[in-house]
Structures are given as structure tokens and as C-alpha cells.
Amino acid sequence: MAASIKDVAKEAGVSIATVSRVLNDIDVVNEETKKKVKDAIQKLGYRPNIVARSLKTQRTKTIGILIPDISSQFYPEIVRGAEDVSNIYDYNVILCNSDLDVEKEKEYLRVLKEKMVDGVLYMSSSLKTEVTDVIKELGLKTVLVESSDKEKFFPSVTIDNVKAGYESAEYIIKKGNKEIAFVGVDPDAGNAWADRYTGFKKAMEDNGLEINEDLLFFGDLRTETGIKGISSILKKASSIDAVVCASDEIAMGVINNLREHQLSVPQDVDVIGFNNIYAASVYYPNLTTVAQPMYDMGSIAMRMLIKLINQKTLEQGHFVLDYEIIERDSTK
């Protein structure tokens, strides 16, 4: 038979109320008594009834993490950083994959509310009003990762995606390339992915280069977008010097399709990716890419969320982390 809180109190020689205070980390219990209670818990193998405890405290010690694409190598590293911090503070994690489906995202948010999660780390394929309104309506404590909302209503952890998109394009331009294609996400998407095109466009304009509509392709961040994108571009364009991609997966799809068209990277075409996933360093040719601090994004966001849950003040509501261009073999 499983040990009860009464058994723990009897073993430690304290009241049930004292055991409850130790379990809920209330500071009025002295260290000697805390040790007695914790030793009794360990000896008896006591596990608190989470359901009963959550009904009383209105806390479940559970956090939802919503990601847009579990097949991407980008998000697991963010989740790892978040989970490492959640483990330190004894929070459990529920992982939800929306598969780039806005309706699925909204449904998952409602499910997480029903599960009584204490908060949500939200990585979204869209930050449209219809989604942010659901979060506000449900009253979910939320920290955004990778993207930030335009109103800055929600705390967030990002990089400057416009600037990073600008610098990746300028890097390619400084190689002497002029016929530069872009494969990424539609600028109207309203998220970090779309900001990369905004930066690309500005870099082209600032360097006196025209945006050729025939050299643009918008889809999602998956490899298939790279394959379809470069195939579509090559049908319309007489020539291309380089391709700026909004993700490493896109860049890999681009390179694969360029090979099918007997074009070599980087001898014929320079290609730059974005994110610096692990595969970027082992793919052939090794990808030049914009590196985001994925692990740090997750760990910082989780620390922010736990502070929110515990009603502590955030010293900084919006973290914009550093990034860097990693130069490898896919550019000359």
C-alpha cells in the first residue's frame, strides 16, 4: 500500500501541516525539520497526489511547450534547454506539435488550459491576432520563443531576425553575387521566419540591387520548399548566382535540386542557410548559415516563464540574443 502524507508526518514526528509546507516549499519550516520530512519521504517512497495537490494550490507543476514542426532539427535543441531548466525547478513538460497548422495550435492551447498547465512556452507558425486572442482569452501565462508579437504584450526570447536576414544577404552580396534568389516564408506571415525576407529585401535595396520576383519563392521552412522553390526559380530565371534561404532544411533542398540541374555549390551557386542545426555541419557541402543560440533560447524562456508562474518580476521582458554567421563550404 502506498504511503500517505499521514505516514510521512508520523515517521518524521511532525504535523501533517508541516509536511504540506515542506512539499509546497514554504519557508516557515526550519532546515532541521525539512531534513526530517525529506528523509521520511525518501524512506517511505511517498509521492504526493498531484491531482489533489493541484486542486488545493491551483498549480500542477506542469508546463506546456508548443512547437510548430517536430520534424525540424531546430526545435528539439530549444526544448532541451527548456526541459533542463524545468527539471531543476521540478516542473514537468507536455510537448505539443502543431504541424504548422494554426487551427491545431489553437486547439492545443485549449487542451493545455484543460490540463491546468501552469504556463506555456509558445513557438508558433503564426502570430496572427486569432491565435494571440485565444491565449489572452484562456489566461495562459505565456512566453514566446523565436518570434515576438508586434504589440510586445507577451514576454519573448528571440534574435533580431530582420538584422540577421539583412546580414546573411549582405554576406552573399559581398561575394560579388548579383542574381540572388530567396527561398523562405511569405513576408505577411507575421513571424520570425517572415522577418528574414524583410532583412533580405532591405539589404538588396541598400546595395543597389533590384528584387527580381522570378527569383523569389515562399513556402514553409521544410526541405520540400527548397526543392520546389529552386525548381520554380530555375524555370523562370535565365541565371542565378546565389540563394539565400530562411532555414538550413530549405538550403539542403535547394542544393539537392541544384545538383539535379547540373549546378555545383559553391562553384556555380552560393547557398546560405539559417539556424545552424546539427545537419548543417555534416551535410555536403557543409552549410554556411546563421547560427541561433537554440539551447539558450529555451533555457532563458523557461526561467522567464517560471518567474511569471511564481509571480516574480521579470528584470527583462524581451530578450534579443546574439547570432553569428558560420562560414563553411556552401559559399565561395
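## Close-up views of a predicted model

**View 1. Helices α10 and α11 pack against each other.** Helix α10, which covers residues 223-236, packs with helix α11, residues 248-260, at an angle of about 45 degrees, and the two axes lie 6 Å apart. The crossing in which α10 passes α11 is right-handed. On the α10 side, the residues that meet α11 are Thr-223, Thr-225, Gly-226, Ile-227, Ile-230, Ser-231 and Leu-234, while α11 contributes Glu-249, Ile-250, Gly-253, Val-254, Asn-257 and Leu-258. This view, like the others below, is drawn from a predicted model.

**View 2. Helices α2 and α3 cross.** The axes of α2, residues 16-23, and α3, residues 31-44, come within 10 Å and cross at roughly 90 degrees, and the two helices are therefore roughly perpendicular to each other. Thr-18, Val-19, Val-22 and Leu-23 of α2 meet a set of α3 residues made up of Thr-33, Lys-34, Val-37, Lys-38 and Ile-41.

View 3. After α12 comes Gln-311, which has a positive phi, near 55 degrees.

View 4. Leaving aside residues up to four places away in sequence, Tyr-197 touches Phe-182, Val-185, Pro-187, Ile-211, Leu-216 and Phe-218. One of these, Pro-187, is ten residues from Tyr-197 in sequence, and the C-alpha atoms of the two are 6.3 Å apart in space.

**View 5. The loop between α11 and β9.** Strand β9 covers residues 270-275, and the loop between α11 and β9 contains Pro-266, which is joined to Val-265 by a cis peptide bond with an omega of about 5 degrees. Gln-262 is placed in the loop between α11 and β9, and although Gln-262 is not a glycine, its phi is positive, at about 60 degrees. With a relative accessible area of 67%, Gln-262 is exposed.

View 6. Pro-285 is found in the loop that runs between β9 and β10, the latter being residues 288-291. The peptide bond from Tyr-284 to Pro-285 is cis, and its omega is near -10 degrees.

**View 7. Leu-100 in the loop between β2 and α6.** Leu-100 sits in the loop between β2, residues 92-97, and α6, residues 102-114. Although Leu-100 is not a glycine, it has a positive phi of about 60 degrees, and at 23% relative accessibility this leucine counts as partly exposed.

**View 8. Two buried cysteines.** Cys-96 counts as buried at 4% relative accessibility, and Cys-245 is buried too, with a relative accessible area of 3%. A disulfide is a covalent bond between the sulfur atoms of two cysteines, and a search of the whole structure finds zero disulfides.

Terms used
Residues numbered from 1 in each chain as written. Predicted model: local features only at pLDDT ≥ 70, side-chain atom pairs only at ≥ 80, totals over all residues. Heavy atoms only, no water. Helix = DSSP H or I, 4+ residues; strand = E, 2+ residues; numbered from the N terminus. Disulfide = S-S within 2.5 Å. Buried < 20%, exposed > 50% of the residue type's maximum accessible area, 1.4 Å probe, protein only. Axes fitted to C-alpha atoms, helices over the stretch in contact; angles between N-to-C directions. Left-handed = near helix turned anticlockwise from the far one by under 90°. Contact = heavy atoms within 4.5 Å. Parallel < 35°, antiparallel > 145°, perpendicular 65-115°, else oblique.
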